[in-house]
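Visitor: I have a structure open and would like someone to walk me through it. Could we take it slowly?
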Amino acid sequence: MTSTMIETATCRLCPPQGGVVVATYSGDGPASRALHRAWQEANATGVPHHDHYDPSLDAFVVVRHHG
Ligand SMILES: [Zn+2]
């Protein structure tokens with residue numbers, strides 16, 4: 001599975017202009033892994049991140065907000 005430029009569903013937390021998927025985790029796994037990764041990325045970069053489940057990928061995705 002590629003980790004760049006994935007066409008992905010959006011959620012209410014996604015910024016209107018979209019975000020960048022920086023990580024994906026299997027939809028079979030616990031959502032807490034994606035949640036933790038989003039927290040780590042936000043702390044490391046200072047840019048807001050969030051995670052959501054993408055039914056089209058059957059995966060939890062970590063989304064980086066622009067700016
Ligand atoms: Zn989202």
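## A walk through the model

Guide: A38 is a buried residue, and its relative accessible area is 4%. Please keep in mind as we go that this is a predicted model.

Visitor: Okay, where is A38 found?

Guide: A38 is found in helix α1, which covers residues 31-45 and therefore has 15 residues, reaching 21 Å from its first C-alpha to its last, close to the 21 Å expected at 1.5 Å a residue.

Visitor: And what is A38 in contact with?

Guide: If we leave aside its neighbours within four places in sequence, A38 is in contact with H49, H50, D51 and V62. For one of these, H49, the C-alpha atoms of the two residues are 5.3 Å apart in space, while in sequence A38 and H49 are 11 residues apart.

Visitor: Which residues of α1 are buried?

Guide: The buried residues of α1 are A34, A38 and E41. Seen down the axis of the helix, they fall within an arc of 65°, so these buried residues line one face of α1.

Visitor: What do those buried residues pack against?

Guide: They pack against β1, β2 and β3.

Visitor: And which exposed residues are on the face turned away?

Guide: The face of α1 turned away from its buried side carries L35, W39, N43 and A44, which are exposed.

Visitor: What about S32 and H36, are they buried or partly exposed?

Guide: S32, which also has its place in helix α1, counts as partly exposed at 45% relative accessibility, and H36, likewise found in α1, counts as partly exposed at 44%.

Visitor: What comes just after the helix?

Guide: Just after α1 there is G46, which takes a positive phi of about 75°.

Visitor: Which residue other than glycine has a positive phi?

Guide: D58 is such a residue, with a phi near 50°. D58 is found in the loop between β2 and β3, where β3 covers residues 59-65, and D58 is partly exposed, with a relative accessible area of 40%.

Visitor: Let me step back. How many helices and strands does the chain have?

Guide: There are one helix and three strands in the protein chain, and from the N terminus on the elements run β-α-β-β. Of the 67 residues in the chain, 34% are buried.

Visitor: Which residues make up the largest nonpolar core?

Guide: The largest nonpolar core has six residues, namely A23, Y25, A34, A38, F60 and V62. Each of β1, α1 and β3 supplies at least two residues of this core. As general background, nonpolar side chains tend to be buried together in soluble globular proteins.

Visitor: How much of the contacts comes from residues 24 or more positions apart?

Guide: Among the contacts in the protein chain with a separation of 6 or more, residues 24 or more positions apart account for 57%.

Visitor: New topic: what coordinates the zinc ion?

Guide: The zinc ion is coordinated by four residues through named atoms: C11 (SG), C14 (SG), H50 (NE2) and H52 (ND1), at 2.0 to 2.4 Å. In sequence these donor residues are spaced C-x2-C-x35-H-x1-H.

Visitor: Which parts of the chain do C11 and H52 link?

Guide: That pair links distant parts of the chain, since C11 lies in the segment before β1 (19-26) and H52 lies in strand β2 (residues 49-54), 41 residues apart.

Visitor: Are C11 and H52 buried or partly exposed?

Guide: C11 is partly exposed, with a relative accessible area of 26%, whereas H52 is buried, with a relative accessible area of 8%. The cut-off explains the two labels, because buried means under 20% relative accessible area.

Visitor: And what geometry does the zinc site have?

Guide: The site of the zinc ion is tetrahedral, with angles of 101 to 122° among its four donor atoms. For reference, the ideal angle for four tetrahedral donors at a metal is 109.5 degrees.

Methods. Residues numbered from 1 in each chain as written. Predicted model: local features only at pLDDT ≥ 70, side-chain atom pairs only at ≥ 80, totals over all residues. Heavy atoms only, no water. Donors = N, O, S within 2.8 Å, 3.2 Å for Na, K, Ca; no water. Tetrahedral: all angles 85-135°; square planar, octahedral: opposite > 155°, others 65-115°. Helix = DSSP H or I, 4+ residues; strand = E, 2+ residues; numbered from the N terminus. Buried < 20%, exposed > 50% of the residue type's maximum accessible area, 1.4 Å probe, protein only. Expected span 1.5 Å × (residues − 1). Arc of directions from axis to C-beta. Contact = heavy atoms within 4.5 Å. Core = buried A, V, L, I, M, F, W, Y, C linked by side-chain atoms within 4.5 Å.
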